[in-house]
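This report goes through a single model in stages, from strand pairing to helix packing and nonpolar cores. Please keep the sequence and the coordinates at hand while reading.

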Amino acid sequence: MSAFPTSAPAQTPEKPRPVIVPEPPRKSRSWLWVVVVAAIVAGAVYGYRALTKPAQPKVAVAAVHTAKAAVAPLQVTLRMSGPTAARNFSTITAPILRGPDSRGSLVLLNLVPSGTIVKKGQVVAKLDGQSLQDHIDDLRDTVLAAENDVQKRTAEQKVEWEDMQQTLRVTKSQFDKAKLEFSAGEVKTEVERELLGLSMDEAQAQYNEQMKDVAFRKASQDAELKILQITLERHKRHMGRHQRDLERYTIYAPMSGLAVMATVFRGGEMGQVQQGDQVFPGQQIMKVVDTSSMQAEGNVSQADSGELRLGQNVNVGFDAFPDLKLKGRVYSIGALAVGGWRENFYIRNVPVRVQIDGSDPRLIPDLSAHCDIILKTVPDQLQIPAGAVNQENGKPVVYVKTASGFQRRVVTLGSRSNTRVAVLAGLSAGDEVRIP
């Protein structure tokens with residue numbers, strides 16, 4: 001044992017153990033992919049909509065229309081509207097048949113197209129006449145039979161007449177014999193002479209009776225033959241009327257011009273006459289019009305009719321052809337005002353006809369035309385469009401363009417036309433006015 005106390009061996013300090021912090025569990029990242037895919041899809045959809053979206057029209061700012069006041073001659077006109085028509089035309093109708101049994105409808109077998117230029121004498125329509133031709137053939141046989149009846153009865157009457165003459169000659173000879181016997185009665189007894197006298201009287205009476213019968217028989221034969229002849233004539237006239245009707249089944253153009261078909265009610269609507277239609281005697285089929293003699297027909301108010309004169313110049317326009325402008329003149333003014341049948345019956349207008357000078361291939365009947373009848377021409381007038389004038393408080397007012405805007409100005413008006421009006425005071429040449 002040692003004198004020093006035995007000490008406990010020194011303990012080396014233990015190194016601190018590192019604290020192990022547990023790693024948090026990893027979260028699933030699949031949701032990130034979902035978000036990314038959704039964003040890509042949304043972007044694609046947005047881009048597709050942006051590309052296919054129709055372009056929005058740009059809202060145009062309403063521009064203010066203006067016109068300048070200018071000095072020029074002003075034509076005072078009166079506007080009249082109405083359809084065009086031909087002054088020189090011929091109406092073609094279905095033939096009015098003369099046959100006693102021709103009252104049915106007729107079928108158009110051939111027909112020229114509407115708008116065709118036809119020549120005088122050209123076939124423009126043809127009706128189906130087969131049934132009428134068959135009827136004429138039957139009537140021809142009937143006429144032949146009637147002629148045979150007349151000839152047969154005439155021969156029979158000759159034989160009968162000869163028989164009557166022979167009987168009359170026999171009776172005459174018997175009467176002559178009785179007279180001779182009576183003349184020789186001096187050698188006869190009284191009774192015999194009386195008997196001879198009675199025989200002579202009887203023969204004479206029989207002869208006279210036969211003479212009268214011959215006259216009656218002659219009149220009877222003449223009447224019977226006359227009836228047969230009248231029957232024959234009736235059948236001939238009947239056949240002749242149908243033959244004349246059959247000739248009229250072929251319709252020729254009475255003049256040269258443009259063929260314009262009539263309108264009919266077919267299948268619940270209006271339409272032009274066409275091949276295969278059924279027409280009735282007297283029904284209008286077409287018109288042949290001379291396009292070089294066109295006119296415009298219309299009506300004007302009684303209040304304005306006093307300003308119209310024959311020969312006034314007219315500017316004619318057409319709604320279907322805005323670029324077609326022709327000249328014309330007033331050639332007919334109605335003497336009496338007329339009213340409508342149903343509407344506006346008490347409003348009376350005066351019919352006016354305007355002759356259109358010149359021609360154009362587009363100028364055909366039934367076009368809607370407007371005619372500006374020139375009443376007078378005022379030279380060197382300051383004028384503006386009539387639409388620029390407003391009525392405010394009973395005064396004509398225009399708005400003149402200035403540097404600061406539009407200025408209201410009261411004006412004094414003069415003569416006017418359908419589109420322009422003369423300004424007597426309130427404006428100067430070159431002023432620019434607003435048109436609403």
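## Hairpins and their pairing

Strand 21 and strand 22 are joined by a hairpin through three residues, where strands are DSSP runs (E, at least two residues) and helices likewise (H or I, at least four), numbered from the N terminus. This is a predicted model, in which local features need pLDDT of at least 70 and side-chain atom pairs count only at pLDDT 80 or more, whereas totals for chains, interfaces and linings use all residues. Residues are numbered from 1 along each chain as its sequence is written, and side-chain values use heavy atoms, with hydrogens and water left out.

Strand 21 (residues 412-416) runs antiparallel to strand 22 over three bridges, pairing being assigned if DSSP finds at least two bridges between two strands; leucine 413 has valine 423 as its bridge partner. Strand 22 (residues 420-425) is also joined by three bridges to strand 17 (residues 368-385), again antiparallel, and here glutamine 383 stands opposite alanine 422.

A further antiparallel pair consists of strand 9 (residues 263-266) and strand 10 (residues 269-272), with four bridges, and phenylalanine 265 stands opposite methionine 270. The hairpin of these two strands has two residues between them, and glycine 267 takes a positive phi near 60°.

Four strands form an open sheet in the order 7-6-4-11, with antiparallel pairing. Its edge strands, each pairing on one side only, are strand 7 (250-252) and strand 11 (278-279). Strand 4 meets strand 11 over two bridges, and valine 107 stands opposite glutamine 278.

## Two helices

The axes of helix 2 and helix 3 come within 9 Å and cross at roughly 170°, the axes being lines fitted to C-alpha atoms over the stretch in contact, with angles from 0 to 180 degrees between N-to-C directions. The two helices are therefore roughly antiparallel to each other, a label used for angles over 145 degrees.

## Nonpolar cores

The largest nonpolar core has 33 residues, and among those that touch the most other members are Leu106, Leu111, Val124 and Met286. Such a core is a set of buried Ala, Val, Leu, Ile, Met, Phe, Trp, Tyr and Cys residues joined through side-chain atoms within 4.5 Å, buried meaning under 20% relative accessible area with a 1.4 Å probe, protein chains only. Contributors of at least two residues each include strand 4 (106-111), helix 2 (130-183) and helix 3 (190-248), and helix 2 gives the most, with six residues.

Definitions and conventions
Buried means under 20% relative accessible area, exposed over 50%, partly exposed in between (1.4 Å probe, protein chains only). Angles under 35 degrees count as roughly parallel, over 145 as roughly antiparallel, 65 to 115 as roughly perpendicular and the rest as oblique.
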